[in-house]
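Have the model open as you read.

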Amino acid sequence: MDGDQSTPEESPDSRNFSRRPVLRAALAAGVAVPAALMGVPALARTIPSTGGQLEPTPQCDDGDDPTPAQTEGPYFKPNSPLRSSLVDAGTVGTRLTVTGFVFGLRCQPIANVLMDFWQADNNGVYDNTGFKFRGHQFTDASGKFTLTTIVPGLYPGRTRHIHVKVQAPGGRVLTTQLYFPGEPRNNTDTIYDPRLLMTMRNVGQGREGQYDFVLNIQQTPTTTRPTSTTQPTGPTTTTSNAPGGTWAAGTAYSPGTKVTYGGTSYVCLQAHTAQAGWEPPNVPALWRVG
């Protein structure tokens, strides 16, 4: 149901994919991972034994952008629903679960990261009137996310992919895409990047993918590593008052709610509970001037 497949020998991206079992085995055995294996951040769960930093997840630009500034492509829509599952009982397509963590440059997990996913349906069509196969979630306290969806269909000119926007509290938005190993169109897609390949395996009638995002955020070296397997929980509640405005951390906001902050009026775009670092000027995915 998920289209053309190829053997590992047929796809140059398989050379990158084959590194990852080695990486997983090294992590499980507690062995230092060679720096040469860290160029692909699919499972970026340790840093080289010599120190240093992880390579940030690359920015990815759609070839069909109407303008260079719109790196998300022509099908992005704001106001996606808060949900980690994009399927229901009647959804057609091969079931896919994607899990992973969001890290900073020192491999420390980042909690409460906003992740907005969107993709084509089983026929390669985007829902531009509603919100099918669109949704946002937040990483949990261990920096983990889980997305339940289907393998997206193909459409002309592109290989198979899933779009995502990733934004840490108070950080910049990373707009990128996740790709599937073994896809013949990976060879011809002009914006395909093997560093954005998910690890993938078949499980029953479905598939499971993994990918770890590395944001360009400086961190203090530590030995902390993610261990939790709990589901995403959303932002933690804090209490602080915005200077000169009605916006306040710890408040649950719904779409259409109006606040002021720093002398400017804003309208809420997506339901969320505010927290320090998510002041309206910092998170355009949640607020617009109005």
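Is Arg 195 buried, partly exposed or exposed? In this predicted model, Arg 195 comes out partly exposed, at 29% relative accessible area.

## Arg 195 and its partners

Arg 195 makes a salt bridge with Glu 55, with the closest N and O atoms 2.8 Å apart. Arg 195 sits in the loop between β6 and β7 and Glu 55 in the loop between α2 and β1, so this pair ties together parts that are 140 residues apart in sequence. Glu 55 is also partly exposed, at 29%.

## Other salt bridges

The whole structure has six salt bridges. One of them joins Arg 45 to Asp 212, with 2.5 Å between the closest N and O atoms. Arg 45 is in the loop between α2 and β1, while Asp 212 is in the loop between β8 and β9, so the two tie together parts 167 residues apart in sequence. Arg 45 is partly exposed at 21%, whereas Asp 212 is buried at 0%.

Glu 183 and Arg 160 also pair up, at 2.9 Å from N to O. Here both ends are tucked away: Glu 183 is buried at 1%, and Arg 160 is buried at 2%.

## The β7–β8 hairpin

Strands β7 (199-203) and β8 (206-210) run antiparallel, paired over five bridges. Val 203 faces Gly 206 in β8. Two residues lie between the strands, and Gly 204 has a positive phi near 60°.

## Cysteines

There are zero disulfides. Cys 107 is buried at 0%, and Cys 268 is buried at 3%.

Conventions:
Residues are numbered from 1 along each chain as its sequence is written. This is a predicted model: local features need pLDDT of at least 70, side-chain atom pairs count only at pLDDT 80 or more; totals for chains, interfaces and linings use all residues. Side-chain values use heavy atoms; hydrogens and water are left out. A disulfide is a pair of cysteine sulfur atoms within 2.5 Å. Buried means under 20% relative accessible area, exposed over 50%, partly exposed in between (1.4 Å probe, protein chains only). Two strands pair if DSSP finds at least two bridges between them. Helices (H or I, at least four residues) and strands (E, at least two) are DSSP runs, numbered from the N terminus. A salt bridge is a side-chain nitrogen of Lys or Arg within 4 Å of a carboxyl oxygen of Asp or Glu.
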